[in-house]
Amino acid sequence: MLINGADGGLRAARPEDVQTIQAIHNASVYGLCSGYYLPDQQKSWTAAFAAAISGVFEEDGVRLIVAEHQGVLAGFGLLKDNCICAVYVRPEFAGLGLGRELVLSLEARVDSGRYDRICLSASLNAVGFYERLGYICDGGGEMQLPDGNHLQCTDMHKDLA
């Protein structure tokens, strides 16, 4: 179990984490998504994220958390209301359970009095990961990026108990 263990834990992100969060996103997109998306899509994806991430600290209903492991920020997760918008882990930390802990922590932050379902749009490489956590595929989707590029994704949901 990662949360608040000797090797690290989860905490709320701070504005000074933004640059590291961008680096995690870039490393994950280029390191874990290469077989699923073209280089120009990856470039558009990382540029769009970089332009948007700083503003999340001012948005209502947004939760941004980071995972620390062995003294470094190794991953992050972003929740808006009942939608998981992002879960990314540095490639060198993939497979250690950080992504799972981030998702479980985001799920726990959803207001179950207001929402009965969690939604997300999974990148193609992450569909199996979310299925193992109990998410159900709703079908193919597409994310439009500001520069006109598109990313294929899979819309998914999980009912809250």
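1. In this predicted model, A67 stands opposite G75, a residue of strand β3. The two strands concerned are β2, residues 62-69, and β3, and they pair in the antiparallel sense over eight bridges. Two residues separate the strands in the hairpin of β2 and β3, and there Q70 adopts a positive phi near 50 degrees.

2. Residue G75 also has a bridge partner in β4, namely V89. Strand β4 covers residues 83-89, and its pairing with β3 is antiparallel, over six bridges. The hairpin of β3 and β4 likewise has two residues between the strands; in this hairpin D81 takes a positive phi near 55 degrees. Strand β3 itself, residues 72-80, is mostly covered, with seven of its nine residues buried.

3. A search of the whole structure returns seven aromatic pairs. One of them joins W45 and Y88 in an edge-to-face arrangement, with 6.4 Å centre to centre and 65 degrees between the planes. The angle is classed as edge-to-face because that class applies to planes over 60 degrees apart. W45 belongs to helix α2 (residues 39-53) and Y88 to strand β4, so the pair ties together parts that are 43 residues apart in sequence.

4. Turning to charged side chains, the count comes to six salt bridges. Among them is the contact of D17 with R11, at 2.8 Å from N to O. D17 is buried, its relative accessible area being 6%, and R11 counts as buried at 16% relative accessibility.

5. R11 also meets E68 in a salt bridge, at 3.1 Å from N to O. Since E68 lies in strand β2 and R11 in strand β1 (residues 8-12), the pair ties together parts that are 57 residues apart in sequence. E68 is partly exposed, with a relative accessible area of 28%, whereas R11 is buried.

6. A further salt bridge is formed by D159 and R117, whose closest N and O atoms are 3.0 Å apart. D159 is in strand β7 (residues 150-159) and R117 in strand β5 (residues 117-123), so the pair ties together parts that are 42 residues apart in sequence. D159 counts as partly exposed at 47% relative accessibility, and R117 counts as partly exposed at 35%.

7. R11 takes part in the bridge with D17 and in the bridge with E68.

Technical notes: Residues are numbered from 1 along each chain as its sequence is written. This is a predicted model: local features need pLDDT of at least 70, side-chain atom pairs count only at pLDDT 80 or more; totals for chains, interfaces and linings use all residues. Side-chain values use heavy atoms; hydrogens and water are left out. Buried means under 20% relative accessible area, exposed over 50%, partly exposed in between (1.4 Å probe, protein chains only). Helices (H or I, at least four residues) and strands (E, at least two) are DSSP runs, numbered from the N terminus. Two strands pair if DSSP finds at least two bridges between them. Rings of Phe, Tyr and Trp (its six-membered ring) pair if their centres lie within 6.5 Å; planes under 30 degrees apart count as stacked, over 60 as edge-to-face and the rest as tilted. A salt bridge is a side-chain nitrogen of Lys or Arg within 4 Å of a carboxyl oxygen of Asp or Glu.
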